[in-house]
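Please look over the protein below. The report that follows covers its charges, its rings and its strands.

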Amino acid sequence: MDGRVLPVLLGPTGHPPKHYRIPVPDADGGPPTVLVYRRVPRGQGKRLGLQQGWKYEYDPEGKPSGIRWPWSKPDSKPDATPGGKPENPDE
């Protein structure tokens, strides 16, 4: 990052978002690169062992992780055929 301070919006519970995406403009005028940061616990206090807060760590894969709801669509794979059926049913 270049030292700029970006605002982080808090959710209804007062926590920052779990994933934070930062678009970085390309120097050649191409599409921007999106950097993804994941929220992780900062650490635990010495006396009571309570969480001290949050910090963001760079996530090179940029894939969201967390709860997979039953009604959400599964991740599509480019190799998969529709319906998960084999291409050649005779084999």
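How far away is the nearest side chain of opposite charge from Arg39, which is buried yet has no salt bridge? The nearest such side chain is Glu57, 12 Å away. Buried means under 20% relative accessible area, exposed means over 50%, and partly exposed lies in between (1.4 Å probe, protein chains only). Lys and Arg count as positive, Asp and Glu as negative, while His and the chain ends are not counted. A salt bridge needs a side-chain nitrogen of Lys or Arg within 4 Å of a carboxyl oxygen of Asp or Glu.

This is a predicted model, in which local features need pLDDT of at least 70 and side-chain atom pairs count only at pLDDT 80 or more, while totals for chains, interfaces and linings use all residues. Residues are numbered from 1 along each chain as its sequence is written, and side-chain values use heavy atoms, with hydrogens and water left out.

**Overall layout**

The protein has three strands and zero helices. Its pattern along the sequence is β-β-β. Helices (H or I, at least four residues) and strands (E, at least two) are DSSP runs, numbered from the N terminus. Of the 91 residues, 11% count as buried. Contact means heavy atoms within 4.5 Å. Among contacts with a separation of 6 or more, 18% join residues 24 or more positions apart.

**Around Arg39**

Arg39 belongs to strand β2 (residues 33-41). What does its side chain meet, given that it has no salt bridge? A polar atom of the Arg39 side chain lies 2.5 Å from the backbone oxygen of Pro16. The charged end of Arg39 also sits over the ring of Trp54, 4.0 Å from the ring centre. That term requires NZ of Lys or CZ of Arg within 6 Å of the ring centre and within 35 degrees of the ring normal. Beyond four places in sequence, Arg39 is in contact with His15, Pro16, Pro17, Lys18, Trp54, Lys55 and Tyr56.

His15 is in the segment before β1. It is partly exposed, at 39% relative accessible area. Leaving aside residues within four places, His15 is in contact with Leu10, Arg39 and Trp54.

At 17% relative accessibility, Val40 is buried. Not counting residues up to four places away, Val40 touches Gly53, Trp54, Lys55 and Glu57. The C-alpha atoms of Val40 and Gly53 are 8.7 Å apart, and the two are 13 residues apart along the chain.

**The salt bridge**

Side chains of opposite charge can pair when their charged atoms come close. How many salt bridges does a search of the whole structure find? It finds one. Arg38 pairs with Asp59, with the closest N and O atoms 2.3 Å apart. Arg38 is in strand β2 and Asp59 in the segment after β3, 21 residues away. Arg38 is partly exposed at 21%, whereas Asp59 is buried at 9%. Asp59 touches Val36, Tyr37 and Arg38, residues up to four places away aside.

**Aromatic pairs**

The structure holds two aromatic pairs. Rings of Phe, Tyr and Trp (its six-membered ring) pair if their centres lie within 6.5 Å; planes under 30 degrees apart count as stacked, over 60 as edge-to-face and the rest as tilted.

| Pair | Centre distance | Plane angle | Class |
|---|---|---|---|
| Tyr20 and Tyr56 | 6.0 Å | 45 degrees | tilted |
| Tyr37 and Tyr58 | 5.6 Å | 65 degrees | edge-to-face |

Tyr20 lies in strand β1 (residues 19-24) and Tyr56 in strand β3 (residues 54-58), 36 residues apart. Tyr20 is buried at 19%, and Tyr56 is partly exposed at 28%. Tyr37 in strand β2 and Tyr58 in strand β3 are 21 residues apart, so their pair ties together separate parts of the sequence. Tyr37 is buried at 16%, while Tyr58 is partly exposed at 47%.

How values were computed: A polar contact is a pair of N or O atoms within 3.5 Å; within protein, one must be able to donate a hydrogen and the other to accept it, and residues adjacent in sequence count only if both atoms are side-chain atoms.
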